[in-house]
Every structure is written in structure tokens, then in C-alpha cells.
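Student: Could you walk me through reading a few features of a protein model?
Tutor: Gladly; let us look at it together.

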Amino acid sequence: MSVGKQKQSKLPSSSSPMLCSLQGSLLTLAILTLLSFIYFSLNSLHPSASASASPTTYISSSSSDADNEQFSDIYHSPEVFRLNFAEMEAKFKVYIYPDGDPNTFYQTPRKLTGKYASEGYFFQNIRESHFRTDDPDQAHLFFIPISSHKMRGKGASYENMTIIVRDYVESLISKYPYWNRTLGADHFFVTCHDVGVRATEGLPLLVKNSIRVVCSPSYDVGFIPHKDVALPQVLQPFALPAGGNDVENRTTLGFWAGHRNSKIRVILARVWENDTELYILNNRINRAEGNLLYQRKFYETKFCICPGGSQVNSARPTDSIHYGCIPVILSNYYDLPFNDILDWRKFAVILREKDVYQLKQILKDIPYSEFLTLHKNLVKVQQHFQWNSPPVKYDAFHMVMYDLWLRHHVIKY
């Protein structure tokens, strides 16, 4: 205490007020700094009302609402689809092998019409799109451009098709280093012809490792659902415009007409062809009975029956979607196109083949309100089952590319 008093007694009397003033200023500055820090910290966690009402935030909210409306009801994970699709459009690149004579089985589609049009459209669209790259080092996936449809069109037998595919792929393996990095896991092959799956069987690694994009995605004939992609079989050009928002015109309960080329079709025709509420024919509608009578029947019907034919698939589901008739899938082991993206039960009726005997009662038991919801959602998915040239955002081509984009993520090299 005496030491402190001695030190204080040595200070000039005028310095005491100055010291107090300095200490007070420092204290005030420290308090203001602390308060400012607390204020800005709280403000960052809880934006002010004025900030939340700013034009930028308002636009973002509106865009989000629009996206939620567009990507609702029909997708398993709407937000995941929206974000992943945007990333795909920005980043995805595919390299097309340049080898093969376009006048034979390679590079170009045979045609863009008929029941195998999907194969032709993909071959054309991939070249028109921004996904194509000429730099294989930038590619996420590699497209093997050989067409089973062209092979069949030029008379190749089933046995020769497997040899043609095998020899072509082996030539790519020997010429380029890309296959051997993953043993073909980052390669894909597209075919809509019903023999396309068989055409790959001459090269076991093409079946086991590569992505096969096929129109006949049946679990019991070698299709691997977590690896392969179901290609929608679309019969284009459509004979008539798209249907939809026309439920008042749909007075027929159910409709099917076609060849009895499978067991389920034989049963369907035998059980229901004389029914008064289901319009079931055991053969195609004769064109002599009226122009486009078959297509016009889709406009008049609530539910269009889609049984498997010689293969698990047919063009009937996409016909039904286009014409606004709710598809009734009556085919076992069918991996429906874009099934990992779209919730088919939101716009279609999915049945087992054994349900054919109760078909009419099942359809009649669907409440009218549920029918309206199915129809509304059906109109939303029409864009996903339409091919265009050049391709259009969210069309069939982009959906196939999105499925490929999802599968490329699981490949490591």
C-alpha cells in the first residue's frame, strides 16, 4: 500500500483527469465493439424483415414455388431431380466412338419412325446435343454407336448380330485405352429392337459391366435394373395431337386392341372381349372401319390396358400417355421407363398379370377423384415421353441422359 501511495504521489496532479478520460474512452470503445459484434452475429442468424423482403429474396421464393409446382406429384424426389438435372446439363459429357461405316450398322439411325423410333432418335439427338464431346479425356461415359435395328434391317441373323457386336467392340478395345480402365463399366449401348439385348451376349463383359439402354427391360431376360436403363418405346410420329384435360369425353372404362402374341393377351381377350364396359378386341382394329379409329379410341377411354406382348414392353404405354388415357400396366417383371425418377403410380395403374381376371372391378373401384388426379399427373409427364429433333429440355432424350448421368456416379477408376 505504501509503495502504491509513493508512486501515486510522484505523478503530476494534472495527469489524473487525463488517465481517467483515456480509460473511459477505451472502456466505451470496448463496449461498442462488443455490442456491434453481438448485433451483426444475431442479424446474420435472423435476417431483418426488410432484408427478407428484398427483391432478390422475393424472386428466389417465387422461382422456388414455380419449381415446386413443376416438380411435384410425379417424381420420387422432386428437389433431388431438379438439382441433379441442372448439374447434368452443366457438366455431363459423352464421347462417341468414331469407328464404323455409317452405311452399314454404325453411327447413324436407320429411321426416325415406327416402333423402333426411339433408337433412331437417340442416335440423332446425342450428336445434336451439347452433351457430346470430341475429347475422350473429358468424357464421363463412352457411347458404342452400333444399331441393332439397322442390323435387322439389313437382314443380319440373330447369331450374326452377336458376332458383329462382339467384333466391333473388340476392335475398340484393341484400338483405344478407355474400355480397359473399367472393363467397359463407363460404356453404354442403345437398342430398341427386341433382339438388341441378345445382340450383346457375344461379349460377356458388355452384358456384365456396360450400361445397356434397351426397350425390352425385363428382369427375367438379363436386364440389370441398377445398371441398365429402360428406353421408352415411342411410336412416332404420333398420328394425332396429345390428349389431356378432356375427362368429360372419356366415357369408355377400358380399351385394348392388338395381336394375341403372349399368354396375358390371350387371357385378356378371352375373358373380356364380350364385355360391355371394357372395349377389348382380340386383334388390331381394321383400318377399313375408319381412319385412325384405333388412335381415336384412346381419346374416348379412361384407362388403356397395356399387356406385354412378345416382349415385356410395347409402345402402348407411351401411346396411352400421349393421348391422355391412363395406362394400366399388365406385365410382370417390367422395369418401366424412368421408374427410378418418376412415380408411375401417380399417373398409371400398376397391376400383376394375375389381376386380369378382376380387371374391370379394379378399374371401377378407383374413385373418380383419384381418376382426375391420375389424369392431371399424366398430362404433366407427357413431355418426358416425347422425342424431338433437336432435343428439348425434359424430353425423352434428356430423361435417358439423366438416367445415364445417375449411373455414371457409381463408376470408379
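**Cavity, helix pair and a loop glycine**

Tutor: The lining of the largest cavity divides into 3 nonpolar, 4 polar and no charged residues (Ala, Val, Leu, Ile, Met, Phe, Trp, Tyr, Cys and Pro count as nonpolar, Asp, Glu, Lys and Arg as charged, and the others, Gly among them, as polar). This is a predicted model, where local features need pLDDT of at least 70, side-chain atom pairs count only at pLDDT 80 or more, and totals for chains, interfaces and linings use all residues. Residues are numbered from 1 along each chain as its sequence is written, and side-chain values use heavy atoms, with hydrogens and water left out.

Student: Which residues line the largest cavity?
Tutor: Rolling a probe the size of a water molecule over the atoms shows where empty space is left. Here F238, T318, I321, H322, Q382, F385 and Q386 form the lining.

Student: How do I read the packing of α5 and α17?
Tutor: Two packed helices are described by the angle between their axes and the distance between the axes. For α5 (residues 78-91) and α17 (residues 396-408), the angle is about 90° and the axes are 10 Å apart. That makes α5 roughly perpendicular to α17 (65 to 115 degrees). Their contact residues divide into 9 nonpolar, 2 polar and 3 charged.

Student: Is G202 buried, exposed or partly exposed?
Tutor: Buried means under 20% relative accessible area, exposed over 50%, and partly exposed in between (1.4 Å probe, protein chains only). G202 counts as partly exposed because its relative accessibility is 29%. G202 sits in the loop between α10 (196-199) and α11 (204-208).

Terms used: Helices (H or I, at least four residues) and strands (E, at least two) are DSSP runs, numbered from the N terminus. Axes are lines fitted to C-alpha atoms, for helices over the stretch in contact, and angles run from 0 to 180 degrees between N-to-C directions. Angles under 35 degrees count as roughly parallel, over 145 as roughly antiparallel, 65 to 115 as roughly perpendicular and the rest as oblique. On a 1 Å grid over the protein atoms alone, a cavity is a set of points where a 1.4 Å probe fits but cannot get out, and a pocket is an open set with protein on both sides within 12 Å along at least five of seven lines; lining residues have an atom within 4 Å of a point.
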